[in-house]
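Here is a friendly walk through a ligand site and the pockets of a protein. Please have the viewer open as you read.

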Amino acid sequence: MIERTFVAIKPDGVQRSLVGEVLGRFEKAGLKIVAMKMQWIDKDFALKHYTEDIEKRRGKKVRDLLMDYIVEGPVIAMVLEGIHAIEIVRKIVGGTEPKNALPGTIRGDFCHASYDYADKKELAIRNIIHASGNKEDAEYEIKLWFNDNELHSYKNVHDVHIF
Ligand code: CDP
Ligand code: MG
């Protein structure tokens with residue numbers, strides 16, 4: 001039940017100085033940071049992260065727009081560990097479309113654009129953060145972004161005082 005999931009604060013989150021705010025939410029929920037780095041990826045790498053799956057689900061146009069968005073500045077990449085971490089992180093992150101993301105979630109609190117607006121402007125939806133969608137994606141993305149020696153196992157306050 002203890003899972004690891006991949007999270008990246010996207011370029012807009014970094015540029016808007018929301019790194020501390022976003023990290024704080026995960027830490028306060030008891031999720032453990034087991035890997036973290038700043039990385040400015042190029043389009044080749046971006047294509048590996050946003051695989052053909054995104055094209056099947058969202059179309060080629062969205063994948064192309066994402067390629068410009070995700071390489072426009074550095075991201076903060078991390079691996080978070082916790083009980084049902086994949087699902088819990090998605091809950092804290094909120095829905096994909098900021099317009100419909102619930103208040104209290106990262107996307108609901110810090111952005112508000114809609115699919116309609118982004119489509120008309122031909123822009124990717126700038127929604128601050130990426131989080132793996134499921135177990136398979138989490139395994140793939142953690143391997144893509146981090147070497148084994150960058151992933152750490154240690155005890156934090158939650159291990160000692162809560163579990
Ligand atoms: O990020 P999430 O897993 O919630 O959604 P996704 O379906 O995997 O899409 C990946 C990213 O594509 C989203 O986070 C948006 O930044 C972007 N996107 C977009 O720009 N326009 C859409 N119509 C759908 C997604
Ligand atoms: Mg996704």
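Please keep in mind that the model is predicted.

**The ligand and its shell**

Let us begin with ligand 1, which sits in the largest pocket. Around ligand 1 there are 15 residues, and those that come nearest are Arg 57, Arg 58, Arg 90, Thr 96 and Ile 125. By class, this shell holds eight nonpolar, two polar and five charged residues. Two helices, α4 (52-58) and α5 (60-70), each contribute at least two residues to the shell.

| Side chain | Distance from its N or O atom to an oxygen atom of ligand 1 |
|---|---|
| Arg 57 | 2.8 Å |
| Arg 107 | 2.9 Å |
| Lys 10 | 3.0 Å |

How much of ligand 1 does the protein bury? Taken alone, ligand 1 exposes 510 Å², and the protein buries 93% of that.

**The largest pocket**

Now for the space that holds ligand 1. The largest pocket contains about 630 Å³ of space. Its lining is made up of 29 residues, and Tyr 50, Ile 54, Arg 57, Arg 58 and Thr 96 are the closest to the pocket centre. Arg 57, Arg 58 and Thr 96 are also among the residues that come nearest to ligand 1.

Which elements supply at least two residues each to this lining? They are α4, α5, α8 (115-121), β4 (129-131) and α9 (135-145). Of these, α4 gives the most, with four residues. The lining of the largest pocket divides by class into twelve nonpolar, eight polar and nine charged residues.

**The second largest pocket**

Which residues line the second largest pocket? You will find Asp 12, Arg 16, Phe 110, Cys 111, His 112 and Ala 113 there, together with Tyr 117, Ala 118, Leu 123, Ala 124, Ile 125 and Arg 126. Eight residues of this lining are nonpolar, one is polar and three are charged.

Methods
Residues are numbered from 1 along each chain as its sequence is written. Chains are lettered from A and ligands numbered from 1 in the order in which they are written. This is a predicted model: local features need pLDDT of at least 70, side-chain atom pairs count only at pLDDT 80 or more; totals for chains, interfaces and linings use all residues. Side-chain values use heavy atoms; hydrogens and water are left out. A residue is near a molecule or strand if one of its heavy atoms lies within 4 Å of it. A polar contact is a pair of N or O atoms within 3.5 Å; within protein, one must be able to donate a hydrogen and the other to accept it, and residues adjacent in sequence count only if both atoms are side-chain atoms. Accessible areas come from the Shrake-Rupley method with a 1.4 Å probe; for residues, only the protein chains shown count as cover. On a 1 Å grid over the protein atoms alone, a cavity is a set of points where a 1.4 Å probe fits but cannot get out, and a pocket is an open set with protein on both sides within 12 Å along at least five of seven lines; lining residues have an atom within 4 Å of a point. A molecule sits in a cavity or pocket if more than half of its atoms lie within 2 Å of its grid points. Ala, Val, Leu, Ile, Met, Phe, Trp, Tyr, Cys and Pro count as nonpolar, Asp, Glu, Lys and Arg as charged, and the others, Gly among them, as polar. Grid points are joined across faces, edges and corners, and a volume is the space filled by probe spheres set on the points.
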